[in-house]
Amino acid sequence: VGVLVYLFIILPMVFTPKWYLSNNSILIVQPSGLIETWEYFILKKGIQEIKYSIIENITITYEKISTQYLFKVCLKSGDEIIFDSLLGIDKSNYLRGIEIMKKKGIIFIDKYHILSVLENDNINLWEHLKKVEEGILDD
């Protein structure tokens, strides 16, 4: 019984949403709830794909309330897709992913200088963003 509880309830609950890069797209996995998580595990359903060819640019920003670091993907159609850019990824892979996308021709807009702060281990990102909010640094 314990194994079944783990497999069917606990495992999907600890699943971390993620984003991946393929040769031609960003793949986002963000199931909401147990059923969607199992659909992802079993059927690979619930994967949102954004082809590089339809991306106009990506804005790197953050949400002040929850301090999520967001990618706002602006599509050539004028639509936007916004997701937590730190979904299931550490800092080095985050930076590496951005470099890969830049090599694919994607333009990044980073008015808060989040990338340069992440690349510099001597600057604390939280303190930097607090200074931006307080108007000490230009945004």
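Two strands are taken to pair if DSSP finds at least two bridges between them. Helices (H or I, at least four residues) and strands (E, at least two) are DSSP runs, numbered from the N terminus. The model is predicted: local features need pLDDT of at least 70, side-chain atom pairs count only at pLDDT 80 or more, and totals for chains, interfaces and linings use all residues. Residues are numbered from 1 along each chain as its sequence is written, and side-chain values use heavy atoms, with hydrogens and water left out.

In β5, the bridge partner of Ile58 is Val73. This bridge belongs to the pairing of β4 with β5, which is antiparallel and spans 8 bridges. The two strands sit within an open sheet of 4 strands, ordered β6-β5-β4-β7, with mixed pairing. Strands β6 (80-84) and β7 (108-109) form the edges, and each pairs on one side only. Strands of a sheet pair through backbone hydrogen bonds, either parallel or antiparallel.

Strand β1 (residues 18-21) and strand β2 (residues 25-29) also run antiparallel, joined by 4 bridges. A hairpin of 3 residues connects β1 to β2. Leu21 stands opposite Ile26 in β2.

Thr61 lies in strand β4 (residues 55-63). Thr61 has a relative accessibility of 17% and so counts as buried (buried, under 20% relative accessible area; exposed, over 50%; partly exposed, in between; 1.4 Å probe, protein chains only). Leaving aside residues up to four places away in sequence, Thr61 touches Gln68, Tyr69, Leu70, Tyr112 and Ile114 (contact, heavy atoms within 4.5 Å).

Aromatic pairs were assigned from the rings of Phe, Tyr and Trp (its six-membered ring), whose centres must lie within 6.5 Å; planes under 30 degrees apart count as stacked, over 60 as edge-to-face and the rest as tilted. The count comes to 5 aromatic pairs. Tyr62 and Tyr112 form an edge-to-face pair, at 5.2 Å centre to centre with 75 degrees between the planes. This pair links distant parts of the chain: Tyr62 is in strand β4, Tyr112 is in the loop between β7 and α4, and 50 residues separate them. Tyr62 is buried, at 7% relative accessible area. Tyr112 is buried too, at 11%.

The ring centres of Phe71 and Tyr94 are 5.7 Å apart and the planes lie at 20 degrees, so this pair is stacked. Phe71 is in strand β5 and Tyr94 in helix α3, so the pair ties together parts 23 residues apart in sequence. Phe71 is buried at 0% relative accessibility, and Tyr94 is buried at 1% relative accessible area. Both residues belong to one aromatic cluster, formed by Trp19, Phe71, Phe83, Tyr94 and Phe108.

In α5, Leu125, His128, Leu129 and Val132 are buried. Seen down the axis of α5, the buried residues fall within an arc of 95 degrees, so they line one face of the helix (the arc is that of the directions from the helix axis to the C-beta atoms). The cover over these residues includes β4, β5 (68-75) and α4. At the start of α5, a side-chain oxygen of Asn124 reaches to within 2.8 Å of the backbone nitrogen of Trp126. Gly135 follows α5 and has a positive phi, near 80 degrees.

Salt bridges were assigned where a side-chain nitrogen of Lys or Arg lies within 4 Å of a carboxyl oxygen of Asp or Glu. The count comes to 3 salt bridges. Asp121 and Lys91 meet at 2.5 Å, N to O. Asp121 lies in the loop between α4 (114-119) and α5 (125-133) and Lys91 in helix α3 (residues 91-103), so the pair ties together parts 30 residues apart in sequence. Asp121 is exposed, at 63% relative accessible area, whereas Lys91 is partly exposed, at 36% relative accessibility.

Lys102 and Glu99 meet at 3.8 Å, N to O. They are 3 residues apart in helix α3, separated by about one helical turn. Lys102 is partly exposed at 36% relative accessibility, and Glu99 is partly exposed at 37% relative accessible area.

Lys51 and Glu49 form a salt bridge at 3.3 Å, N to O. Lys51 is found in strand β3 (residues 47-51). Lys51 is partly exposed, at 34% relative accessible area, and Glu49 is partly exposed, at 43%. Lys51 touches Asn24 and Ser25, not counting residues up to four places away in sequence. Lys51 and Leu27 are 24 residues apart in sequence and 8.7 Å apart in space, C-alpha to C-alpha.

Definitions and conventions
Polar contact = N/O pair within 3.5 Å; in protein donor to acceptor, adjacent residues only side chain to side chain.
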